[in-house]
Amino acid sequence: MSWWLWAILGFALMAAETLHMGLFLVFFGMAAAIVSALTRFALAGPDWMQWLLFSVISIVSVALFRKPLLKYLRINVRKDVDTMIGDTAKTMEAIEINGHGKAELRGSPWNAVNVGDKPLGKNELCRVERVDGITIKVRAE
């Protein structure tokens, strides 16, 4: 394959990475760019060797560099930027011990579970102990 075809393939794969953002295609794009450079200077050999180099460089680079790069770039890492633990909520209805009900937190209604040792009355202030998805675990203040 011509070196410029490898270069086009490399740039196309790297451009496709911007749509996907999974940090896979960028390694295949870089491998194609490396094979392009090797082919340009007649160091890559025949077509089968170029494809073998492309495959090996791609797989090795994904195996060695993807995980550290994801960690460094903090992609797919859960970010607890705005935690609600410790905030004050107001019950919208009475909630018995270990009972379920509704509480208002930051102006929005939430499903609430009373994890405290005393029942909560309607419009009573309570403290958020934990957040499980769309349910807050609350305790009397």
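## Helices α1 and α2

Helix α1 passes helix α2 in a left-handed crossing (left-handed if the near helix is turned anticlockwise from the far one by less than a right angle, right-handed if clockwise). This is a predicted model, in which local features need pLDDT of at least 70 and side-chain atom pairs count only at pLDDT 80 or more, while totals for chains, interfaces and linings use all residues. Residues are numbered from 1 along each chain as its sequence is written, and side-chain values use heavy atoms, without hydrogens and water. Helices are DSSP runs of H or I with at least four residues, numbered from the N terminus.

The axes of α1 (residues 3–20) and α2 (residues 25–40) come within 7 Å and cross at roughly 165°. Axes here are lines fitted to C-alpha atoms over the stretch in contact, with angles from 0 to 180 degrees between N-to-C directions. The two helices are therefore roughly antiparallel (over 145 degrees; under 35 is roughly parallel, 65 to 115 roughly perpendicular and the rest oblique). Contact (heavy atoms within 4.5 Å) involves residues including Trp-3, Trp-6 and Leu-13 of α1 and Phe-28, Ala-32 and Thr-39 of α2. By class, the residues of this contact are 14 nonpolar, five polar and two charged. Ala, Val, Leu, Ile, Met, Phe, Trp, Tyr, Cys and Pro count as nonpolar, Asp, Glu, Lys and Arg as charged, and the others, Gly among them, as polar.

## Helices α2 and α3

The axes of α2 and α3 come within 8 Å and cross at roughly 140°, which means that α2 is oblique to α3. The crossing of α2 past α3 is right-handed. Among the residues that make the contact are Phe-28, Val-35 and Thr-39 of α2 and Gln-50, Phe-54 and Phe-65 of α3. This contact has 13 nonpolar, four polar and one charged residues.

## Inside and after α3

Helix α3 covers residues 47–73 and has a kink of about 40° at Phe-65, shortly before Pro-68. The bend at a residue is the angle between axes fitted to the seven residues ending there and the seven starting there. Gln-50, Phe-54, Ser-58, Ser-61, Val-62, Arg-66 and Leu-70 of α3 are buried (under 20% relative accessible area with a 1.4 Å probe and protein chains only; exposed is over 50%, partly exposed in between). These buried residues pack against α1 and α2. Just after α3, Arg-74 has a positive phi of about 55°.

## Thr-39

Thr-39 lies in α2 and counts as buried because its relative accessibility is 14%. Beyond its neighbours within four places in sequence, Thr-39 contacts Met-1, Ser-2, Trp-3, Trp-6, Ala-44 and Gln-50.
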